[in-house]
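Work through the exercises below with the sequence and the structure at hand. Each task is followed by a solution in steps.

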Amino acid sequence: MTIDWDAYKDHKQYSVRKDNFEITLEFLKSYYNMTNPYDVFDALKEDDIGSMMLNKRNITDAAGLERILEQL
């Protein structure tokens with residue numbers, strides 16, 4: 001899967017969140033209708049920018065991402 005970063009930029013304009021990672025998660029949930037943390041993790045892991053976001057937050061598996069998704 002390839003994340004549509006142009007669509008993300010449009011989505012970001014209307015988001016109330018300030019953190020880019022939270023906006024990205026919100027975008028994946030709404031634009032791609034992703035609710036499963038394993039799918040979200042795989043999508044981010046396969047993407048260069050998404051992978052950098054995961055690495056920056058030391059998220060190495062879907063369980064780590066799930067905790068963040070629960071807070072959104």
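**Exercise 1.** Decide whether Asn33 is buried or exposed, and describe its backbone.

Solution. Step 1: the model is a predicted one, and in it Asn33 has a relative accessibility of 63%. Step 2: the cut-off for exposed is over 50%, so Asn33 counts as exposed. Step 3: Asn33 is found in the loop between α2 and α3 (37-46). Step 4: the phi angle of Asn33 is near 55 degrees, a positive value in a residue other than glycine. Step 5: for comparison, most residues other than glycine have a negative phi.

**Exercise 2.** Find the buried residues of helix α1 and explain why they line one face.

Solution. Step 1: α1 covers residues 5-14, and its buried residues are Trp5, Ala7, Tyr8 and His11. Step 2: looking down the axis of α1, these buried residues fall within an arc of 145 degrees, so they line one face of the helix. Step 3: Asp6, Lys9 and Gln13, on the other side of α1, are exposed. Step 4: the cover over the buried residues of α1 includes α2 (20-31) and α4 (48-56). Step 5: at the start of α1, a side-chain oxygen of Asp4 comes to within 3.2 Å of the backbone nitrogen of Asp6.

**Exercise 3.** Describe how α1 packs against α2.

Solution. Step 1: the two helices pack at an angle of about 110 degrees, and their axes are 10 Å apart. Step 2: angles of 65 to 115 degrees count as roughly perpendicular, so α1 is roughly perpendicular to α2. Step 3: from α1, the residues Trp5, Ala7, Tyr8, His11 and Lys12 take part; they meet Asn20, Ile23, Thr24, Glu26, Phe27, Ser30 and Tyr31 of α2. Step 4: sorted by class, this contact has six nonpolar, four polar and two charged residues.

**Exercise 4.** Which residues does His11 touch beyond its neighbours within four places in sequence?

Solution. Step 1: His11 lies in helix α1. Step 2: with those neighbours left aside, His11 is in contact with Ile23, Glu26, Phe27 and Ser30. Step 3: one of these, Phe27, is 16 residues from His11 along the chain, and their C-alpha atoms are separated by 6.7 Å.

**Exercise 5.** Describe how α2 and α5 cross.

Solution. Step 1: the axes of α2 and helix α5 (residues 62-71) come within 11 Å and cross at roughly 85 degrees. Step 2: that angle makes α2 roughly perpendicular to α5. Step 3: Phe21, Leu25 and Lys29 in α2 meet Leu65, Ile68 and Leu69 in α5. Step 4: five residues of this contact are nonpolar, none is polar and one is charged.

Definitions and conventions:
Residues are numbered from 1 along each chain as its sequence is written. This is a predicted model: local features need pLDDT of at least 70, side-chain atom pairs count only at pLDDT 80 or more; totals for chains, interfaces and linings use all residues. Side-chain values use heavy atoms; hydrogens and water are left out. Buried means under 20% relative accessible area, exposed over 50%, partly exposed in between (1.4 Å probe, protein chains only). Helices (H or I, at least four residues) and strands (E, at least two) are DSSP runs, numbered from the N terminus. The arc is that of the directions from the helix axis to the C-beta atoms. Contact means heavy atoms within 4.5 Å. A polar contact is a pair of N or O atoms within 3.5 Å; within protein, one must be able to donate a hydrogen and the other to accept it, and residues adjacent in sequence count only if both atoms are side-chain atoms. Axes are lines fitted to C-alpha atoms, for helices over the stretch in contact, and angles run from 0 to 180 degrees between N-to-C directions. Angles under 35 degrees count as roughly parallel, over 145 as roughly antiparallel, 65 to 115 as roughly perpendicular and the rest as oblique. Ala, Val, Leu, Ile, Met, Phe, Trp, Tyr, Cys and Pro count as nonpolar, Asp, Glu, Lys and Arg as charged, and the others, Gly among them, as polar.
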